[in-house]
Amino acid sequence: MQKLQLWERYKNRLYHNAELDLSVDTSRMNFPDSYLEEMEPRLQKAFEEMADLEAGAIANPDEQRMVGHYWLRAPQLAPTAELAEEIKATLASVKAFASSVHQGNIAAPDGHRFENLLVVGIGGSALGPQFIADSLGSAQDRMKVFFFDNTDPDGMDKVLAEIGSGLKRTLTVVISKSGGTKETRNGMLEARQAFEQAGLHFAAHAVAVTGSDSELDRTASQEGWLGTLPMWDWVGGRTSVTSAVGLLPAALQGIDIDRLLAGARICDQATRSRSTRDNPAALLALSWFHATAGKGERDMVLLPYKDRLLLFSRYLQQLIMESLGKELDRDGKKVLQGITVYGNKGSTDQHAYVQQLREGVPNFFVTFIEVLKDREGASMLVEPGATSGDYLSGFFQGTRSALYEKDRESVTITIREISPASIGALIALYERAVGLYASLINVNAYHQPGVEAGKKAAGTVLKLQGEILEMLRRQPERDFTCADMAMTLARPEEVETVFIILRHLAANPSHGVSVTAGEKVWENRFSAGK
Ligand SMILES: O=P(O)(O)OC[C@H]1O[C@](O)(CO)[C@@H](O)[C@@H]1O
């Protein structure tokens, strides 16, 4: 298509929301103009389902749950007055807690204000808080934020080393909706040990965000932590960023959570429109459907031209892939659905994988995110008539057209600036797009049956490890190959798992397992004797 024709298509298709200062450009998606009309009946059904969901229908039938993340920024829409009150009360508690911490009314045991924040969580209980902390953080933050988002001991050591002696002025927020996630439990235990080793009483530094009567909830109340904020079963982990999960760390960091919620709320209003062309989430969902043939046939590459949006693709990976990546549709038919999401940031990626995007396998579509405001204040000229920010804009435009020339499609989202309101709006935009798209492809976006299998298998591995250690300790004079061990435990079929466990045990001093090299690595001999 010629440039002037594209310009006409741009004007014809551009969605712009003046209140949010947000645009969605689908002109570089090559669907015909008739496409929107063709999809209209399906989309109207998706709007209908979304309205039912917002009214409190059991939108997650497998878990018999309502799906209420939209109420978090508009409590008056919650289906009962009690829920509305709980949402408002929790928001008030978040603000009161953060303000007491900032004012020093809730202080470190040495009487000094808390200066650092250690957030312990994983998945939806970390990705949202991390995205907000990174996109909106600044040198003026009220607290410096750190994360334990894994059960990697070295990762935790690295964070603790950064905190250093600041641990005595560190507040720990442990976040887990279920309250039983092992990675988070381990992070909490490791944090507690670090505090104890520094002569500090963990409970005086800890607050929880979790479901009522969960394991974490009980621990927090038995040990007398500083407080607990609720998580509800009608908020999914990956859509929990506007609950206490995201709001408490953000408020503690000093981010204006009212503006974050307002941005999300205004975007929610816009994405409730049943006029497809006026609904930016519907336009995104339709673009995804077109690009992937409604079957995930192409990957979504997210290219924000802004360092502060670096973690957005990581956040969206969970939101989109955990929501849409489903084996069965809502009728129980095998569909193997999903959309693969990856990305980083422009123009950095220009010097990494954009080569393949332009010339290699055409199995993707791009979502560009353009941010108009370069920085606070004026910029120096890096050459006559151009700033660094002008270059960033130039590279965005250059990549968009270079890809389009080669029939690589893209959507562009433009926001004026990075602010709590625009981050709230982006989050709400994608939450709604995922919900609408899930309706279009008939999958339940709000459950995640697939993650249970890996968790169960990990439990089995840890149980087998226990048996191996017991056997090694019972016969300290003996050394075992993995085959010996599997036979001795009467689990010959588990020999590979036994080998992997033994190799890992011997690589670490905690369990006192040593190794003697065999001819082949799988013939190594392991022993608990010295
Ligand atoms: O908040 P929780 O219950 O610790 O769960 C963390 C994450 O684990 C998952 O259940 C996946 O295992 C995510 O959906 C969730 O965000």
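1. A residue is counted as buried if 20 or more other C-beta atoms lie within 10 Å of its own. In this predicted model, Ala282 has 28 other C-beta atoms within 10 Å and is therefore buried. Ala282 belongs to helix α10, which covers residues 280-292, and, once residues up to four places away in sequence are set aside, Ala282 touches Leu43, Thr276 and Leu436. A further reference distance is that to Lys11, which is 271 residues from Ala282 in sequence and 18 Å from it in space, C-alpha to C-alpha.

2. The sheet deserves attention next. Five strands form an open sheet in the order β4-β3-β5-β6-β7, with parallel pairing. Its edge strands are β4 (144-148) and β7, each of which pairs on one side only. On average, and with direction ignored, neighbouring strands of this sheet are turned by 20° against each other.

3. Within that sheet, strand β6 (residues 206-211) is largely enclosed by the rest of the structure, because five of its six residues are buried. On one side, β6 runs parallel to strand β5 (residues 170-176), to which five bridges join it.

4. Five bridges join the parallel strands β5 and β6, and the chain crosses from β5 to β6 through helix α6 (residues 182-197) in a β-α-β crossover that is right-handed. The unit made by β6, helix α7 (residues 215-223) and β7 is likewise a right-handed β-α-β unit.

5. Helix α5 (residues 153-163) lies across β3 (116-120), β4 and β5, and runs at about 160° to β4. Helix α8 (residues 244-253) packs on the sheet and touches β3, β4, β5, β6 and β7, its direction making about 140° with that of β7.

6. A helix pair is formed by α9 (residues 257-270) and α14 (residues 420-441), which pack at an angle of about 40° with their axes 6 Å apart. Helices α9 and α14 are therefore oblique to each other, and their crossing is right-handed. The contact involves Arg259, Leu260, Leu261, Ala262, Gly263, Ala264, Ile266, Cys267 and Asp268 on the α9 side, and Pro420, Ala421, Ser422, Ile423, Gly424, Ala425, Ile427, Ala428 and Leu429 on the α14 side.

7. Ser388 is found in helix α13 (residues 388-405). With 13 other C-beta atoms within 10 Å, Ser388 is partly exposed, and, leaving aside its neighbours within four places in sequence, Ser388 is in contact with Ser379 and Val382. Gly360 is 28 residues from Ser388 in sequence, while the C-alpha to C-alpha distance between these two residues is 29 Å.

8. Most residues other than glycine have a negative phi, and most peptide bonds are trans. The peptide bond from Gly346 to Ser347 is cis, with omega near 0°, and Ser347 is found in the loop between β9 (341-343) and α12 (354-359).

9. Positive phi values are to be noted at two residues. Asp21 has a positive phi of about 55° although it is not a glycine; the place of Asp21 is in the loop between β1 (15-17) and β2 (22-25). For Asp407, a residue other than glycine, phi is positive and near 60°, and Asp407 lies in the loop between α13 and β11 (410-415).

Conventions. Residues are numbered from 1 along each chain as its sequence is written. This is a predicted model: local features need pLDDT of at least 70, side-chain atom pairs count only at pLDDT 80 or more; totals for chains, interfaces and linings use all residues. A residue is buried if 20 or more other C-beta atoms lie within 10 Å of its own, exposed if 12 or fewer, and partly exposed in between; C-beta atoms are placed from the backbone. Helices (H or I, at least four residues) and strands (E, at least two) are DSSP runs, numbered from the N terminus. Two strands pair if DSSP finds at least two bridges between them. A crossover is right-handed if, with the strands pointing away from the viewer, the path from the first strand over the helix to the second runs clockwise. Axes are lines fitted to C-alpha atoms, for helices over the stretch in contact, and angles run from 0 to 180 degrees between N-to-C directions. Two residues are in contact if their C-beta atoms, placed from the backbone, lie within 7 Å. Angles under 35 degrees count as roughly parallel, over 145 as roughly antiparallel, 65 to 115 as roughly perpendicular and the rest as oblique. A crossing is left-handed if the near helix is turned anticlockwise from the far one by less than a right angle, and right-handed if clockwise.
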